[in-house]
Amino acid sequence: MYDRLQKHESITERYPLFLEYVKGYMDSKLPSVSNYANFSALVYDFFDDVNWAGFYLVKDDVLYLGPFQGKPACTEIRLGSGVCGTSAQMKKTLIVKDTSTFEGHIVCDSASRSEIVIPLIKNGVLIGVLDIDSPLLNRFTDQDRETLEKAVVFLIDIL
Ligand code: SME
């Protein structure tokens with residue numbers, strides 16, 4: 001049974017625990033969609049002040065909405081478009097401190113003020129992005145990036 005253990009309130013305790021849960025839940029025997037779904041649920045539960053967490057997955061050079069937690073979102077993003085498409089094209093994690101200053105930012109939930117996008121690259125090939133939004137300005141730190149990039153490595157490894 002899943003229990004996030006509410007007493008782990010400090011990030012120093014919670015982020016290592018998040019990585020343990022990711023390792024525990026990711027399962028190479030499952031269809032990818034099941035792993036993406038549980039991964040997004042773990043991010044949504046473990047990270048404070050997050051209003052959207054989920055995946056866009058590449059098909060025919062377009063990012064299509066995948067499993068996520070949060071409000072309904074836009075379903076297609078072109079490579080190079082918005083924060084997700086830019087991160088995908090650059091194959092690089094992007095942290096946007098203030099989405100209103102990012103030219104071409106695609107608004108899905110007007111509550112979102114800052115965002116982190118991490119590309120998923122398997123054997124050198126882009127397969128999608130992990131996108132996380134916050135209603136707070138400047139929410140995402142280098143510690144968030146490091147933790148999420150480690151978690152994405154576990155995920156990609158079992159896909
Ligand atoms: N803001 C993203 C679009 C996806 S939603 O935030 C879920 C972007 O600019 O690519």
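A salt bridge, as I use the term today, is a side-chain nitrogen of Lys or Arg within 4 Å of a carboxyl oxygen of Asp or Glu. What we have here is a predicted model, in which local features need pLDDT of at least 70 and side-chain atom pairs count only at pLDDT 80 or more, while totals for chains, interfaces and linings use all residues. Residues are numbered from 1 along each chain as its sequence is written, and side-chain values use heavy atoms, with hydrogens and water left out.

Searching the whole structure gives six salt bridges, and I will start with the one between Asp 48 and Arg 14, where N and O are 3.3 Å apart. This pair links distant parts of the chain, 34 residues apart, since Arg 14 sits in helix H1 (residues 11–25) and Asp 48 in the loop between helix H2 (32–46) and strand E1 (52–59). Helices (H or I, at least four residues) and strands (E, at least two) are DSSP runs, numbered from the N terminus. Arg 14 is buried, at 1% relative accessibility, whereas Asp 48 is partly exposed at 34%; buried means under 20% relative accessible area, exposed over 50%, and partly exposed in between, with a 1.4 Å probe and protein chains only.

Helix H1 also holds both Glu 20 and Lys 23, three residues apart, or about one turn of the helix, and their side chains form a salt bridge at 3.7 Å, N to O. Glu 20 is partly exposed at 47%, and Lys 23 is partly exposed at 44%.

Finally, Asp 27 pairs with Lys 29 in a salt bridge whose closest N and O atoms are 3.3 Å apart; Asp 27 is partly exposed at 23%, while Lys 29 is exposed at 72%.
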